[in-house]
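Student: I would like to learn how to read a structure. Could we go through it feature by feature?

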Amino acid sequence: MTHSDVGALLISLRKVIKTYGEGTAAVQALNGVDLDIGQGEFVAIMGPSGSGKSTALNILGCLDAPSSGHYLFRDIEVDTLTRNQRALLRRHYLGFVFQGFNLLSRTSAQENVELPLLYRGEDAAHRHEASRRALAQVGLTGWEHHTSAELSGGQQQRVAIARAIVTQPLVLLADEPTGNLDSKRGHEIMELLGSLNRDQGITVIMVTHELDMAAYANRVVRFADGNVGSDSMKVAA
Ligand SMILES: Nc1ncnc2c1ncn2[C@@H]1O[C@H](COP(=O)(O)OP(=O)(O)OP(=O)(O)O)[C@@H](O)[C@H]1O
Ligand SMILES: [Mg+2]
C-alpha cells in the first residue's frame with residue numbers, strides 16, 4: 001500500500017515550527033515539520049522522549065498553534081484561524097484521548113461522554129441517545145451510571161474514547177492512550193481504535209512508545225529532534 005491508496009488528503013503540515021519560551025530559554029520543539037495524512041489512515045507516531053510528538057499532536061488537534069508554518073485541514077487554513085475558530089474546528093471534526101483518561105471522577109460515564117455535546121448546545125434527549133450509542137460502541141453498555149472512580153483503567157479509557165467519538169469526529173487523536181494500562185488492557189484499547197478506524201472510517205493518529213501497540217497502525221511516523229525522521233507504511237498486525 002502506498003500513501004496514494006488511502007483516502008483524500010485530510011491533513012497537511014508544512015514547515016511547522018513550534019518554539020516554547022523566549023530568548024536563551026527558548027526550546028524549539030518542532031523544527032519545520034512536513035507531514036501529510038490521508039482520510040482513513042491509522043498513523044502511529046513514535047520517537048524518543050522530547051522529540052516533539054505531543055507538540056505535533058496538540059497542533060494537529062488544534063489544542064495549540066504553530067509558531068510558524070502552515071496547517072491545512074481539508075481546505076481550512078488552520079494557522080490563520082483565531083483561537084475560537086480553532087476551538088470550533090476541534091469540536092466539529094476532532095476527538096482527543098489522553099494517557100491519563102482525563103475524566104471527571106465523581107461524574108457518571110454517561111455524563112462524561114455527554115460533555116462535548118453539552119458544549120455544542122445539543123438538547124438533553126439527543127445527548128442521552130448519542131452518549132448511550134457511543135458507550136455501546138466501546139463495549140460499556142450497562143456501565144452508563146457508574147462514576148469514573150468505580151471503573152477500571154481500561155474501562156475509563158473506553159469512556160474517554162466514547163467521549164471522543166460521541167461527536168462523530170473525522171479524526172481521533174490519542175497521546176499514549178495505553179501508557180497507563182497493563183498490556184492486556186492496552187491491546188483491547190488498540191483493538192477498539194483499530195475497529196473505529198476500519199469500520200467507521202475514523203482517521204486515527206496515535207502517539208505511542210510501544211512497538212506492539214504501533215503494530216496496529218498501518219503507518220509509523222518516527223520523530224527525531226523535532227522533525228519527521230522516518231515514515232513507513234506497514235501491514236497491520
Ligand atoms: N509547554 C511547554 N513549555 C516549554 N517547553 C515545552 C512545553 N511542552 C513541550 N516542551 C518542550 O518541547 C520539546 C518537545 O516536547 P514534547 O512534549 O512534544 O515531546 P514528546 O516527544 O511528546 O516527549 P514524551 O515522549 O516524553 O512525551 C521538549 O524539549 C519539551 O521539554
Ligand atoms: Mg509526549
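Tutor: Begin with contact: two residues are in contact if their C-beta atoms, placed from the backbone, lie within 7 Å. Helices (H or I, at least four residues) and strands (E, at least two) are DSSP runs, numbered from the N terminus. This is a predicted model, in which local features need pLDDT of at least 70, side-chain atom pairs count only at pLDDT 80 or more, and totals for chains, interfaces and linings use all residues. Residues are numbered from 1 along each chain as its sequence is written, while chains are lettered from A and ligands numbered from 1 in the order in which they are written.

Student: Which residues of helix 3 meet helix 5?

Tutor: From helix 3 they are Ala-109, Asn-112, Val-113, Leu-115 and Pro-116, and their partners in helix 5 are Val-159, Ala-162 and Arg-163. For classes, Ala, Val, Leu, Ile, Met, Phe, Trp, Tyr, Cys and Pro count as nonpolar, Asp, Glu, Lys and Arg as charged, and the others, Gly among them, as polar. The contact of helix 3 with helix 5 has six nonpolar, one polar and one charged residues.

Student: How is the packing of two helices described?

Tutor: By the angle between their axes and the distance between the axes. Axes are lines fitted to C-alpha atoms, for helices over the stretch in contact, and angles run from 0 to 180 degrees between N-to-C directions. Angles under 35 degrees count as roughly parallel, over 145 as roughly antiparallel, 65 to 115 as roughly perpendicular and the rest as oblique. Here the axes of helix 3 and helix 5 cross at roughly 30° and come within 7 Å. Helix 3 is therefore roughly parallel to helix 5.

Student: At what angle does helix 3 pack with helix 4?

Tutor: The angle is about 120°, and the axes are 9 Å apart. Helix 3 is therefore oblique to helix 4. Helix 3 contributes Ala-109, Gln-110, Val-113, Glu-114, Leu-117 and Leu-118 to this contact, and helix 4 contributes His-126, Arg-127, Ala-130, Ser-131, Ala-134 and Leu-135. By class, the contact has seven nonpolar, three polar and two charged residues.

Student: Which residues of helix 3 are buried?

Tutor: A residue is buried if 20 or more other C-beta atoms lie within 10 Å of its own, exposed if 12 or fewer, and partly exposed in between. In helix 3 (residues 109–119), the buried ones are Ala-109, Gln-110, Asn-112, Val-113, Glu-114, Pro-116 and Leu-117. They pack against helix 2 (83–93), helix 4 (124–137) and helix 5 (153–165).

Student: How many residues of helix 1 are buried?

Tutor: Seven of its eight residues are, so helix 1 is mostly covered by the definition of buried. In the loop between helix 1 and strand 4 (68–73) lies Leu-63. Leu-63 counts as partly exposed because it has 16 C-beta neighbours inside 10 Å.

Student: Which residues are around ligand 1?

Tutor: A residue is near a molecule if its C-beta atom, placed from the backbone, lies within 6 Å of it. Around ligand 1 are Tyr-20, Gly-21, Val-27, Ala-29, Gly-47, Ser-49, Gly-50, Ser-51, Gly-52, Lys-53, Ser-54 and Thr-55. Strand 2 (27–38) and helix 1 (53–60) are the elements that give two or more residues to this shell. Helix 1 gives the most, with three residues.

Student: Is Gly-21 buried or exposed?

Tutor: Gly-21 counts as exposed because it has 10 C-beta neighbours inside 10 Å. Gly-21 sits in the loop between strand 1 (9–20) and strand 2.
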